[in-house]
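Try each task before reading its solution.

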Amino acid sequence: MLRIVRMVRLLRMARMQQILRVITFRIQSERLIIVANIVKVLFMMVGSAHFIACFWYAIANEQEVSWLTDAQFANFAVGHKYLVSLHWAIAQFAGGMDEVR
């Protein structure tokens with residue numbers, strides 16, 4: 001059952017790429033194409049950061065001693081822990097290490 005759900009998601013992604021190509025082809029403004037490409041890259045970065053943040057939080061959540069306990073985030077709400085993970089993931093795109101505070 002899970003494989004079917006994954007296949008449907010992949011098909012949606014393929015369809016979305018096709019729709020984006022058609023829209024890009026029909027746009028007559030070069031500026032609008034540039035803005036659309038910037039937005040596309042931004043969505044890809046945010047999506048990647050979300051995936052990395054979820055993965056980083058899942059690893060920390062499985063360990064008894066992790067960045068959650070070291071930085072004393074163990075008793076915080078899940079949303080706050082996710083935002084800290086997302087902050088760390090986005091900081092990795094900048095090429096620098098940002099400490100979790």
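The exercises below use a predicted model.

**Exercise 1. Which residues make up the largest nonpolar core, and which elements give two or more of them?**

Step 1. List the members: Tyr57, Ala60, Trp67, Leu68, Phe73 and Val84 make a core of six residues.
Step 2. Assign elements: helix H2 (30–62) and helix H3 (67–70) each give two or more residues to this core.
Step 3. Look around Leu68. Leaving out residues up to four places away in sequence, Leu68 touches Tyr57, Ala60, Asn61, Phe73, Ala74 and Lys81.
Step 4. Another core, of five residues, lies apart from the largest one; its members include Ala53, Leu86, Trp88 and Ala89.

**Exercise 2. Classify the aromatic pair formed by Trp56 and Trp88, and state how exposed each ring's residue is.**

Step 1. Count: the structure holds one aromatic pair.
Step 2. Take the geometry of Trp56 and Trp88: 4.2 Å centre to centre, with 10 degrees between the planes.
Step 3. Planes under 30 degrees apart count as stacked, so this pair is stacked.
Step 4. Trp56 lies in helix H2 and Trp88 in helix H4 (residues 78–93), so the pair ties together parts 32 residues apart in sequence.
Step 5. Check accessibility. Trp56, at 27%, is partly exposed; Trp88, at 15%, is buried.

**Exercise 3. Describe the lining of the largest pocket.**

Step 1. Volume: about 630 Å³.
Step 2. The lining has 14 residues, with Met13, Met16, Leu20, Lys40 and Met44 nearest the centre.
Step 3. Helix H1 (2–26) and H2 each supply two or more lining residues; H1 gives the most, seven.

Methods: Residues numbered from 1 in each chain as written. Predicted model: local features only at pLDDT ≥ 70, side-chain atom pairs only at ≥ 80, totals over all residues. Heavy atoms only, no water. Core = buried A, V, L, I, M, F, W, Y, C linked by side-chain atoms within 4.5 Å. Buried < 20%, exposed > 50% of the residue type's maximum accessible area, 1.4 Å probe, protein only. Helix = DSSP H or I, 4+ residues; strand = E, 2+ residues; numbered from the N terminus. Contact = heavy atoms within 4.5 Å. Phe/Tyr/Trp six-rings, centres within 6.5 Å; stacked < 30°, edge-to-face > 60°. 1 Å grid on protein atoms, 1.4 Å probe; cavity = no way out; pocket = protein on both sides within 12 Å on 5 of 7 lines; lining within 4 Å. Points joined across faces, edges and corners; volume = space filled by probe spheres on them.
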